[in-house]
Amino acid sequence: MNLFNKLCFSPSFKLFNVSLSIAQRQRAFLSLLLSLFLPACNSQNLPYGISYDTNDFKGIVVADEPNATIVAKDVLQNGGNAFDAATAMAFTLAVTLPSRAGIGSSGFCQVYSPDNNLNSILNFIYQDELSSFAVPAMPRAMMALHAKGGNWKWESVLSPAEKLAKRGFVVSKTLEIDANLVPTEYNAQFKEGNIVLQQDLASSIALLRSKGIAGLYTSSGAKRFLEAAELKKIAFSPEKLRNFVPIWQEPQKIDFDNETIYFPKQNILEQDIQNLWENYQNNEYTSIKNQKNIPDGTGFAVADANGNAVTCVFSMGSLFGTQTKLAGTGILIAKPLKIPTDNLATILVVNDNVNEFRYAGYASSTSSTENILKTTADTLINKNQLKINFEKNENIPENSAVIYCPEGLPPNPESCTFSLDNRSFGMGYRIGDS
């Protein structure tokens with residue numbers, strides 16, 4: 001009897017000393033075949049654009065890279081909240097979009113939770129004018145983000161990214177475009193539809209999953225990282241790793257009708273943005289131009305059924321950062337960012353009177369703050385001008401996206417929708433329970 005017949009049809013066969021039904025054995029055999037041959041094969045291309053479930057609302061998410069959206073969908077469908085989904089997405093992007101959001105990336109997040117009236121900015125931009133190499137900021141920031149409001153265990157939110165790195169992920173069009181813009185060793189590997197394994201990166205994520213901060217910033221994890229950096233003649237030190245800490249900050253705000261618009265302090269002065277908003281209200285502004293930029297950043301926005309919301313942006317300083325990968329770790333080293341940074345922006349709109357989420361957006365291209373503010377004005381002031389109804393929209397600035405719940409979360413999830421830049425290859429999902 002050959003292996004297939006023995007495994008799939010023999011009534012006495014046991015797998016791992018456990019009795020299985022014929023249907024279970026057939027599925028196990030298929031999984032075995034996939035695990036053996038999938039890394040060597042091409043897969044169908046990832047879905048882009050829009051998707052939604054019409055059944056019970058679990059959340060809504062949009063991102064520049066489809067793998068991240070799919071991971072967030074799974075987290076929200078299985079009981080995770082927006083903080084869990086955002087953490088899982090950040091580590092997924094480190095695997096599937098290392099050109100813009102690797103382990104080495106810097107950035108910031110805006111968060112909102114109606115339960116404890118949390119409304120804050122997490123700044124994890126690494127600055128060092130004396131160095132060309134940035135200490136990896138993203139993992140420690142995501143630890144802080146998850147600790148702030150996550151429901152799942154830390155190990156669970158890192159598991160999807162670790163599996164994608166270890167077992168292989170499908171290359172998106174977004175990553176292929178980035179690889180073609182920067183001539184590197186990655187051009188041949190990062191072709192849309194290819195399945196890529198990153199075993200060294202999987203081991204780094206596994207250390208962060210199992211050891212937390214000691215997986216990279218202190219103890220044996222820091223020793224491993226510093227030894228790999230030394231081989232590349234990068235002058236990191238234990239103090240640089242240990243002393244980097246992301247900062248929680250109060251957002252700037254603008255009042256609009258019964259709602260409040262919140263945005264980070266590091267991009268533009270409050271008075272300047274207040275003046276811009278007043279011009280938008282008086283229709284004294286030009287329409288968003290479809291300018292073409294070479295992006296070096298990315299982002300996402302996610303909200304759950306309870307009204308928790310997180311929107312984040314990331315950058316490696318330039319595509320693929322310094323293009324220096326540390327041996328044995330799979331970690332690309334980024335360039336330090338400068339403040340203020342014009343090419344990263346986030347925004348959140350909340351009704352503080354009734355503690356309801358209304359709107360979240362991000363942008364990661366030239367004039368990001370001004371562009372995302374224009375998009376917000378088009379949405380809140382001229383609701384008919386911006387057609388947000390599961391559409392990719394030419395009025396959305398490049399490398400940006402928004403979520404809009406005009407009647408508020410958590411009470412009216414049926415009002416929630418999103419919009420994407422129609423030049424991108426990102427993905428949005430309105431998530432149900434199946």
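## H146 and its polar partners

A polar atom of the H146 side chain lies 2.9 Å from the backbone oxygen of W152. The H146 side chain also makes a polar contact with the side chain of D84, at 3.1 Å. A polar contact is a pair of N or O atoms within 3.5 Å; within protein, one must be able to donate a hydrogen and the other to accept it, and residues adjacent in sequence count only if both atoms are side-chain atoms.

## Basis of the model

This is a predicted model: local features need pLDDT of at least 70, side-chain atom pairs count only at pLDDT 80 or more, and totals for chains, interfaces and linings use all residues. Residues are numbered from 1 along each chain as its sequence is written, and side-chain values use heavy atoms, with hydrogens and water left out.

## Setting of H146

H146 sits in helix α6 (residues 138-149). Helices are DSSP runs (H or I, at least four residues), strands likewise (E, at least two), numbered from the N terminus. H146 is buried, at 9% relative accessible area. Buried means under 20% (1.4 Å probe, protein chains only). Beyond its neighbours within four places in sequence, H146 contacts D84, T87, W152, K153, W154 and V157. Contact means heavy atoms within 4.5 Å.

## Helix α3

Helix α3 covers residues 66-77. The expected span is 1.5 Å times one less than the number of residues.

Ten of the twelve α3 residues are buried, including P66, V71 and L76. Among the elements covering them are β4 (59-63), α4 (82-96) and α7 (154-167). G79 follows α3, with a positive phi near 100°.

Notes
Buried means under 20% relative accessible area, exposed over 50%, partly exposed in between (1.4 Å probe, protein chains only).
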